Amino acid sequence: MRRFYLLLIAMALMLTSASAQTVNLFNGGHQDAQLAVTVGYVNKTWRTNFGDGGVKNEGFWGDDHKRLHGVQFGVAFQPCFTFGLGAHTGLYYELYISYKNPEVDSGKHDEFTEHNLYLPLHAMWRFPITRDCSFSVYGGVGFNWAMYGTYNDRFWTIGPDLIPEQVSVPRKSQRYGNGEFPHHMNVQWEVGGQFRIKCFQAGFTYSFGATNHDFYEGYKTRQDKINIHLSFVGKIFGDD
């Protein structure tokens, strides 16, 4: 019987300790990292629903089932209250490069480069796991601004003297909107999540386009985006 009481006391102490740790993590024991320097992979597609005619996902050259691929660099700000509710925002630069399939389009230009700015405005909920490890989910709205795009030439040809030479085609700028696709601005609904351990963080965001880019008359074309990112995080305020 004495051993039984000792066992009950030991179990009670263990449960009390675990409970205290849980309460502590959700009430100031978890150390948030409010700043994140981020690098990521992004891709986007333009999606048109033709009703009974099906759905078309296309890249910049009109190829079906294609995406425009790129890289993302930026700084995120992700402050939280001690109980977990917080915000996720920041400012990012995105660079996209797309190469044309000559079997689809035999036009003069074969390379497209686009420079973007991206601003997310998300509500976030952080779930602490240990003092410096957590999982967060977030959702809200995002804004993508296509600042500048250019068409260029990538392929070389063989000249009359059997010397490689590049076709002389002037560089062309993309006229966003103005009767051409897509538009400069894309507003998008977004959901995502991220996992942090110590000073490293990895995350994923999916964006559902809300802007109609007017590819086809009578149908809505939206721009959807996927983002996978890695971050180096740090604390800029708060007690140890």
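Lys-44 is buried in the predicted model, with a relative accessible area of 1% (buried means under 20% relative accessible area, exposed over 50%, and partly exposed in between, with a 1.4 Å probe and protein chains only). Lys-44 forms a salt bridge with Glu-114, in which the closest N and O atoms are 2.6 Å apart; a salt bridge is a side-chain nitrogen of Lys or Arg within 4 Å of a carboxyl oxygen of Asp or Glu. The pair links distant parts of the chain, with Glu-114 in strand S5 and Lys-44 in strand S1, 70 residues apart. Glu-114 also counts as buried, at 0% relative accessibility. Helices (H or I, at least four residues) and strands (E, at least two) are DSSP runs, numbered from the N terminus.

This is a predicted model, in which local features need pLDDT of at least 70 and side-chain atom pairs count only at pLDDT 80 or more, while totals for chains, interfaces and linings use all residues. Residues are numbered from 1 along each chain as its sequence is written, and side-chain values use heavy atoms, with hydrogens and water left out.

By the salt-bridge rule, the count comes to five. One of these joins Asp-32 to Arg-126, the closest N and O atoms being 2.8 Å apart. This pair also links distant parts of the chain: Asp-32 is in the loop between helix H1 (2-29) and strand S1 (35-49), Arg-126 is in strand S5 (residues 111-130), and the two are 94 residues apart. Asp-32 is buried, with a relative accessible area of 14%, and Arg-126 is buried as well, with a value of 2%.

A further salt bridge is formed by the side chains of Asp-224 and Arg-222, at 3.0 Å from N to O. Here Asp-224 is buried, with a relative accessible area of 2%, whereas Arg-222 is partly exposed, with a relative accessible area of 27%.

Thr-45 counts as buried, at 1% relative accessibility. The side chain of Thr-45 reaches the backbone oxygen of Glu-58 at 3.3 Å.

Strand S5, which holds Glu-114, pairs with strand S6 (residues 133-152) in the antiparallel sense over 19 bridges; two strands pair if DSSP finds at least two bridges between them. S5 and S6 form a hairpin with two residues between them. Within this pairing, Asn-144 in S6 is the bridge partner of Tyr-118. S6 also pairs with strand S10 (residues 185-197), again in the antiparallel sense, over 13 bridges. The bridge partner of Gly-140 in S10 is Glu-190.

The structure holds zero disulfides, a disulfide being a pair of cysteine sulfur atoms within 2.5 Å. As for the cysteines, Cys-133 is buried, with a relative accessible area of 8%, and Cys-199 is partly exposed, with a relative accessible area of 27%.

How values were computed: Polar contact = N/O pair within 3.5 Å; in protein donor to acceptor, adjacent residues only side chain to side chain.
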